[in-house]
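Welcome! Please take a moment to look over the sequence and the 3D structure before reading on.

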Amino acid sequence: MLKLINVCKQYPKFKLDNVSFSIEEGSICGFIGRNGAGKTTTLKGMMNLLHFDSGEVHVFGHNFFDNELENRQNISFSLSEINYFPDMKIGKLTKVTARFYKNWNQELYEKICKKFNIDQDKKVKELSSGMKVKYNLAIALSHEAKLLILDEPTSGLDPVSRDEILDIFKNLVKTGKRSILFSTHITSDLEKCADHIVYIKKGKIISSKTKEEFVSDYKYVEGNVSLFGKTKDKLISFKKDEKTFSGLVRIENAKDLDKKLKISNPDLETVMIYEEKEGEEDEEFIF
């Protein structure tokens, strides 16, 4: 459905460095990394909103840029910082938007809006963050988009709205004909709906695997501080106080750990926290 091959983008203080990953049909892919890691730069570049210095973007088995206008007919793309005309009513905005899509299905659009409770007479500025996400999805489904690329779609939503959106995501890919790529730093969202995880750190892809494979590469370690000295070199990073410590190890380093340590399987949030702390000392900050 989507494949990036060694894409690069150089800025004065940041580099997107040979980013490669792919998304299969019928899957939900979570694109994770801390703020500034390169998520939005990657998404913008794959849609030609900025120009990669090198590399290739393939969609539906073909180079995206060879037939960009046709490919865009089958893609729905939404950036978190883009807003519609705030004083325009939803119904009028939709009429303008529909002109760009040859496969627009007005009957389906109206059915979806009824399902999502989207009021056509409301102005854009009157929509909540959750309703804006639902409106984006209504537009995507009404022009039969096969690939949805969303930047931080659940950011700022309350827990109930987030859960509702994630349920919609899962239903959208059930037929196996659609795929969703969405960037986020809310790892609990990915625990609920993602099949695949792409993790980017400082402009480089650290991992691109199924969710289960991704977390199985690590073990979470806890123990008495007396065991810290002989464990430290195996830890990716750690947290430590006067009595105890905790840290993350790669699976290949877990077999030789002291039997007195508590070793468990980490969740996505734990992996991301400790991976991002790699190379940093856990120093106490006194206020």
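## Words to know first

Buried means a relative accessible area under 20%, exposed means over 50%, and partly exposed lies in between, using a 1.4 Å probe and protein chains only. Helices (H or I, at least four residues) and strands (E, at least two) are DSSP runs, numbered from the N terminus.

This is a predicted model, in which local features need pLDDT of at least 70 and side-chain atom pairs count only at pLDDT 80 or more, while totals for chains, interfaces and linings use all residues. Residues are numbered from 1 along each chain as its sequence is written, and side-chain values use heavy atoms, with hydrogens and water left out.

## The whole protein

Let's start with the overall picture. The protein has 10 helices and 14 strands, and its C-alpha trace spans about 70 × 40 × 40 Å along the principal axes. Of its 287 residues, 48% count as buried.

A contact means heavy atoms within 4.5 Å. Among the contacts with a separation of 6 or more, 68% are between residues 24 or more positions apart.

## A closer look at helix H6

Which residues of H6 are buried? They are Ser161, Arg162, Ile165, Leu166, Ile168, Phe169 and Leu172. Seen down the axis of H6, these buried residues fall within an arc of 155° (taken from the directions from the helix axis to the C-beta atoms), so they line one face of the helix.

The buried residues of H6 pack against several elements, including strand S3 (28-32), helix H4 (106-116) and helix H5 (129-142). At the N-terminal end, Asp158 caps H6, with a side-chain oxygen 3.0 Å from the backbone nitrogen of Val160. The length can be checked too: the expected span is 1.5 Å times one less than the number of residues. For the 14 residues of H6 (residues 159-172) that should be 20 Å, and the end C-alpha atoms are 20 Å apart, which agrees.

## Nonpolar cores

A nonpolar core is a set of buried Ala, Val, Leu, Ile, Met, Phe, Trp, Tyr and Cys residues joined through side-chain atoms within 4.5 Å. The largest one has 49 residues, and those touching the most other members are Tyr109, Ile118, Leu137, Phe169, Ile180, Phe182 and Phe214. H5 gives the most to this core, with 8 residues. Another core lies apart from it, with 26 residues, among them Leu2, Val7, Leu16 and Val57.

What does Leu137 touch, leaving aside its neighbours within four places in sequence? Its contacts are Phe116, Leu148, Leu150, Ile168, Phe169 and Leu172.

## Strands side by side

Two strands pair if DSSP finds at least two bridges between them. Strands of a sheet pair through backbone hydrogen bonds, either parallel or antiparallel. In this protein, 4 strands form an open sheet in the order S2-S1-S4-S5, with antiparallel pairing. Strand S2 (15-23) and strand S5 (62-63) stand at the edges with a single partner strand each, so one side of each is left without a neighbour in the sheet. Strand S4 (residues 54-59) is joined to S5 by 2 bridges, and Val59 stands opposite His62 in S5.

Strand S11 (residues 218-224) runs antiparallel to strand S13 (residues 244-250), with 7 bridges between them; the partner of Asn224 in S13 is Thr244. S11 also runs antiparallel to strand S14 (residues 262-264), joined by 3 bridges, and here Val221 stands opposite Ile263.

Asn74 sits in the loop between helix H2 (68-72) and strand S6 (75-78). Asn74 is buried, with a relative accessible area of 16%. Not counting residues up to four places away in sequence, Asn74 touches Phe60, Glu144, Ala145, Lys146 and Leu147.

Glu144 itself lies in the loop between H5 and S7 and is partly exposed, with a relative accessible area of 42%. Most residues other than glycine have a negative phi, and most peptide bonds are trans. Glu144 has a positive phi of about 60° although it is not a glycine. Asn48, in the loop between H1 and S4, also has a positive phi, of about 65°, and is not a glycine.

Methods. A polar contact is a pair of N or O atoms within 3.5 Å; within protein, one must be able to donate a hydrogen and the other to accept it, and residues adjacent in sequence count only if both atoms are side-chain atoms.
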